[in-house]
Amino acid sequence: MPSTSSDSTKQVKLGLFETPVLNVGGMTTWTHPENQTHHYADLSYWVETAQRLQDATFDFCFLADSYGHGEIGGVRPDVNAREAMELPRLDPMLLVPAMAHAAQRLGFVVTASTMFEPPFANARRFSTLDHLTRGRVGWNVVTSSFAESASANFGRPMVPHDERYAVAEDHLLTTYAVLEGSWEDDAVLADKASRTYADPAKVHRVTRTGPYFSVDGYSNTAASPQRTPVLFQAGTSKAGLGVGARHAECVFLQGSTKARLAEHVATLDRLAVEAGRAPGSVKTMVGLSVVVAPTREEAERRYAEYLALNTRESAIASYALFTGVDLGAYDPDAPFSGIRTEMGQSQVERHARAEGPGPTVGDVIEAHRTRGSRGMVAVGSPDDVVEHVLDLVDSTGVDGFLLEPFVQPGSVVDVAEHVVPRLRAAGRFRTEYTEDTLRERMFGAGRRHLPADHPGAAARTWATA
């Protein structure tokens with residue numbers, strides 16, 4: 001078993017990043033002989049994925065989503081359709097009931113946009129999922145990925161980046177009013193003898209008017225096991241970190257280096273405390289792509305195979321999809337530092353803030369070809385990968401990883417067979433599920449609801465009336 005420089009016993013959190021499309025992480029690996037993502041529209045693919053994750057005691061399956069598609073100058077590049085780059089896709093929320101029934105302990109985190117989902121309808125869907133899964137659901141709060149094309153699909157102008165986070169703030173506060181403020185914990189009696197299903201005095205009208213959203217009425221779903229789903233959020237821009245520090249319970253961070261990842265972890269914790277939350281209120285996870293094989297040489301060979309599937313053309317189109325920036329329109333030798341965007345700023349900042357003189361446009365194209373939107377990469381033998389994983393946790397303070405697969409189901413199978421047993425042997429990963437709800441799994445037994453220092457708790461006005 002590899003050793004690390006720390007004697008930490010911190011338990012590693014582990015989720016799988018998935019999405020019902022052919023390619024994950026901005027890279028075109030769907031053609032690899034071992035990749036089965038072309039079965040994305042087959043329900044059995046998702047049921048088997050859930051069962052595989054539960055067998056390996058993953059914390060959750062994370063299902064990404066977007067209403068947008070990639071365009072350059074208002075035109076969809078042919079490579080996007082030819083290589084199935086975020087097009088076509090399915091609605092991931094509809095997969096959860098079947099997956100949750102097949103894997104009755106696994107958690108599920110589903111993406112929904114605060115730009116395009118009305119708070120009341122979105123709250124009802126998540127409350128329904130929380131009931132059906134008995135409290136195993138999280139909401140990945142996004143302001144909108146691929147914002148320009150997504151806005152056009154809804155017939156709306158694109159809202160500027162920072163304002164999208166102001167919209168998200170108002171959306172969340174409206175959602176809390178619905179999920180936390182309407183039904184008391186013991187409102188449901190289900191007493192046939194007295195013909196009383198719910199105590200009318202404990203079902204409250206909620207009224208809230210904000211700058212972007214309003215609600216006036218009753219939640220038509222009773223309080224679910226967690227009330228509000230566990231709140232996940234991604235983004236390392238200033239506006240994104242601000243919303244994450246105030247509202248998120250788990251944040252996915254970009255981490256191109258250990259130093260930068262450690263900086264993001266410390267910054268987020270500081271901002272959360274400044275927002276009135278307890279230290280450690282926000283769990284942090286970073287994307288991790290794993291290529292593991294019995295020997296380091298075999299793992300490096302397989303990694304080279306994956307990278308060879310990505311072309312310069314697909315990298316330029318993929319980068320434009322995430323950021324709205326057409327790198328192909330720039331001189332490859334031009335400095336990248338002056339490029340700005342109103343779309344995915346985290347994908348720009350991960351390169352713009354590089355140490356030294358900074359990368360050129362050509363450097364960023366090549367970096368995106370070999371990494372896409374992925375976070376960290378671990379390549380090597382099982383001991384190599386486990387040592388890397390534990391070093392990241394112990395040296396940066398990050399709580400866990402979102403596995404970003406190169407091929408499916410191969411990437412999950414490899415981690416389950418070669419990495420999970422070694423983490424268990426080191427006492428750093430669970431051997432069984434002991435918690436009922438996803439929030440308890442992330443924060444400890446007994447914590448089913450948002451804590452008192454979270455802004456959502458203030459919506460429970462019935463508790464303090």
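These questions and answers walk through the packing inside one predicted model.

Residues are numbered from 1 along each chain as its sequence is written. Local features need pLDDT of at least 70, side-chain atom pairs count only at pLDDT 80 or more, totals for chains, interfaces and linings use all residues, and side-chain values use heavy atoms, without hydrogens or water.

Student: How many aromatic pairs does the structure hold?
Tutor: Rings of Phe, Tyr and Trp (its six-membered ring) pair if their centres lie within 6.5 Å. Planes under 30 degrees apart count as stacked, over 60 as edge-to-face and the rest as tilted. The number of aromatic pairs is 11.

Student: Why do the rings of Tyr306 and Phe406 count as stacked?
Tutor: Their centres are 5.0 Å apart. The pair is stacked because the planes meet at 20°.

Student: Which parts of the chain does this pair link?
Tutor: Helices (H or I, at least four residues) and strands (E, at least two) are DSSP runs, numbered from the N terminus. The two residues are 100 residues apart. Tyr306 is in helix α9 (residues 296-308), and Phe406 is in the loop between β13 (400-403) and α14 (410-425).

Student: Is Phe406 buried or exposed?
Tutor: Buried means under 20% relative accessible area, exposed over 50%, partly exposed in between (1.4 Å probe, protein chains only). Phe406 has 2% relative accessibility, so the residue counts as buried.

Student: Which residue lies over the face of Phe406?
Tutor: A charge sits over a ring if NZ of Lys or CZ of Arg is within 6 Å of the ring centre and within 35 degrees of the ring normal. Here the distance to the ring centre is 4.1 Å. The residue is Arg374.

Student: How many residues has the largest nonpolar core?
Tutor: Such a core is a set of buried Ala, Val, Leu, Ile, Met, Phe, Trp, Tyr and Cys residues joined through side-chain atoms within 4.5 Å. Among those with the most contacts inside it are Phe58 and Met99. The largest core has 69 residues.

Student: What is the span of α13 from its first C-alpha to its last?
Tutor: The expected span of a helix is 1.5 Å times one less than its number of residues. α13 has 15 residues, and 21 Å is expected. The span reached is close to that, at 21 Å.

Student: Which residue just after α13 takes a positive phi?
Tutor: The phi is about 85°. The residue is Gly397.

Student: How many residues of helix α7 are buried?
Tutor: α7 covers residues 238-247 and is mostly covered. Its buried residues include Leu241 and His247. They pack against α6 (161-181), β9 (230-234), β10 (250-253) and α8 (258-274), with contact meaning heavy atoms within 4.5 Å.

Student: Is Thr114 buried or exposed?
Tutor: Thr114 is in the loop between β3 (107-113) and α4 (119-132). Its contacts include Trp139, His171 and Phe213. At 0% relative accessibility, Thr114 counts as buried.

Student: How many disulfides does the search find?
Tutor: A disulfide is a pair of cysteine sulfur atoms within 2.5 Å. The cysteine sulfur nearest to that of Cys61 belongs to Cys250, 14 Å away. The whole structure has zero.

Key:
Lists of a residue's contacts leave out its neighbours within four places in sequence.
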